[in-house]
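Subject: Handing over a structure

Dear colleague,

Please find below the structure that I am passing on to you, followed by an account of what was found in it.

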Amino acid sequence: MGTWGVNLYDDDTAQDVKDEYVDLLRQGIENEEATKRMIERWDTDDVEEGPIFWITLANTQWEYGKLIDIVREKAIYYIESEVELERWKEDKELYDKRKEILNEVAKKLKTQNENPKKIRKYRIYKCPWNIGDVYAYKIKDNEEYKGKYIALIKIEEGDYWPHNICPVVYVYNKMFDEIPTIEAVKDIKYLPQFYKPSVYRGEYKDVLYRCLIGIENSTKKKIEEYIYIGNIEKYSFPKNEYKRGEEYLCSINRFEEYIISVYNKWKGIDYSN
C-alpha cells in the first residue's frame, strides 16, 4: 500500500476504493448493489486495508449523498477507536495531522450532506456484431494497399474504457482486391498480433492472435465503415495460440495503420496456425 501524505486520499488503497465505487455508480449500478460489490471485493477485515476501506467508502458516499448506515458505523468505529492511527505512531507530527483529519471526517459523517455531488453516468456503447460475424474493411489511407480489403472475424467481446463492449477479432492474413466472400476467407490463416516474428525465434508457439478493437462513443460511427460478409458459426481456433486467450488492444482510429504494419512484418513468414 503506497502512502504519500496524511490526507484521506493520499494512499493507493483510498484512491482505489473511491475510484471503484464511483465507477460502479457511473455504470448505473444502484448504491446498495455497488456497496455490496465493494465489500465483497475488498478485504474489509485486514488490519491496515480494512479501516482505510470503510473510512474512504463512507466519506465518498457522504460526498455523493449516498451514505449507508452500516458504512457510516464502521467508519466512525475505526476513526474513534484510533485503529487506523497505529501506522502513524512513529511520527508525532504526522500522527496529529492524520488524527485531526479523521476526526473532521467523523464529524462530517454524522451530518447530512446538503449539497451532494452528482453522478454523471457513462454512455455505454455496445458493438452490434455477433460472434462469428465476418467483416471486410477497405484500406483508405495507405498508398501501397489503398483500395484493397482486409477481413476479420469476431470471436468474443472485450471491455474498453469506460466499459464499452467492443469486438475481439481474428484478422485474416491476406489483402483482397475486392470484398471477399465467406468461402474466400475460410482457409486463410489468421494474422499474428503485436509481436514481431523475431520475438518467437523461429518457434511459433504461444502466438498472440486476438485483437480488441477499442471503440469510444466519439468514434463509434467508424464501425459503419466495416462491410458485413456473413457469419461463420464453426470457425477454427489457431492451434499455436497463446493459451491464456489474451488480446492486443488497438483503437479503431488507428486500426488500419496498425494492421498494415503487422501484415508487413509477417509477410512471407510460415508460422502455421
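**Helix packing**

Helix α3 (residues 49-63) packs with helix α4 (residues 69-80) at an angle of about 125°, and their axes are 8 Å apart. The two helices α3 and α4 are therefore oblique to each other, where angles under 35 degrees count as roughly parallel, over 145 as roughly antiparallel, 65 to 115 as roughly perpendicular and the rest as oblique. Please keep in mind that this is a predicted model, in which local features need pLDDT of at least 70 and side-chain atom pairs count only at pLDDT 80 or more, while totals for chains, interfaces and linings use all residues. Residues are numbered from 1 along each chain as its sequence is written, and side-chain values use heavy atoms, with hydrogens and water left out.

The axes are lines fitted to C-alpha atoms, for helices over the stretch in contact, and the angles run from 0 to 180 degrees between N-to-C directions. Helices (H or I, at least four residues) and strands (E, at least two) are DSSP runs, numbered from the N terminus.

The crossing in which α3 passes α4 is left-handed (a crossing is left-handed if the near helix is turned anticlockwise from the far one by less than a right angle, and right-handed if clockwise). On the α3 side, Pro 51, Trp 54, Ile 55, Leu 57, Ala 58 and Gln 61 meet Val 71, Lys 74, Ala 75, Tyr 78 and Ile 79 in α4, contact meaning heavy atoms within 4.5 Å. The residues of this contact of α3 with α4 divide into nine nonpolar, one polar and one charged (Ala, Val, Leu, Ile, Met, Phe, Trp, Tyr, Cys and Pro count as nonpolar, Asp, Glu, Lys and Arg as charged, and the others, Gly among them, as polar).

Helix α3 also packs with helix α2 (residues 31-41), the axes coming within 12 Å and crossing at roughly 165°. That makes α2 roughly antiparallel to α3, and α2 passes α3 in a right-handed crossing. Here Asn 31, Thr 35, Met 38 and Ile 39 in α2 meet Phe 53, Trp 54, Leu 57 and Gln 61 in α3, a contact whose residues divide into five nonpolar, three polar and no charged.

On to helix α5 (residues 92-109), whose axis comes within 10 Å of that of α4, the two crossing at roughly 150°. That makes α4 roughly antiparallel to α5, and their crossing is left-handed. The contact is made by Arg 72, Ala 75, Ile 76 and Ile 79 of α4 together with Leu 102, Asn 103, Val 105, Ala 106 and Leu 109 of α5.

**Pockets and backbone**

The largest pocket has a volume of about 210 Å³. On a 1 Å grid over the protein atoms alone, a pocket is an open set of points where a 1.4 Å probe fits, with protein on both sides within 12 Å along at least five of seven lines, and lining residues have an atom within 4 Å of a point. Grid points are joined across faces, edges and corners, and a volume is the space filled by probe spheres set on the points. Among the residues lining the largest pocket are Arg 26, Arg 120, Trp 161, Pro 162 and Glu 216, and its lining divides into three nonpolar, three polar and five charged residues. A cis peptide bond, with omega about 0°, joins Trp 161 and Pro 162, and Pro 162 is found in the loop between β2 (149-160) and β3 (164-171).

The second largest pocket has a volume of about 170 Å³, and the largest share of its lining, three residues, comes from helix α7 (residues 255-266).

With best wishes
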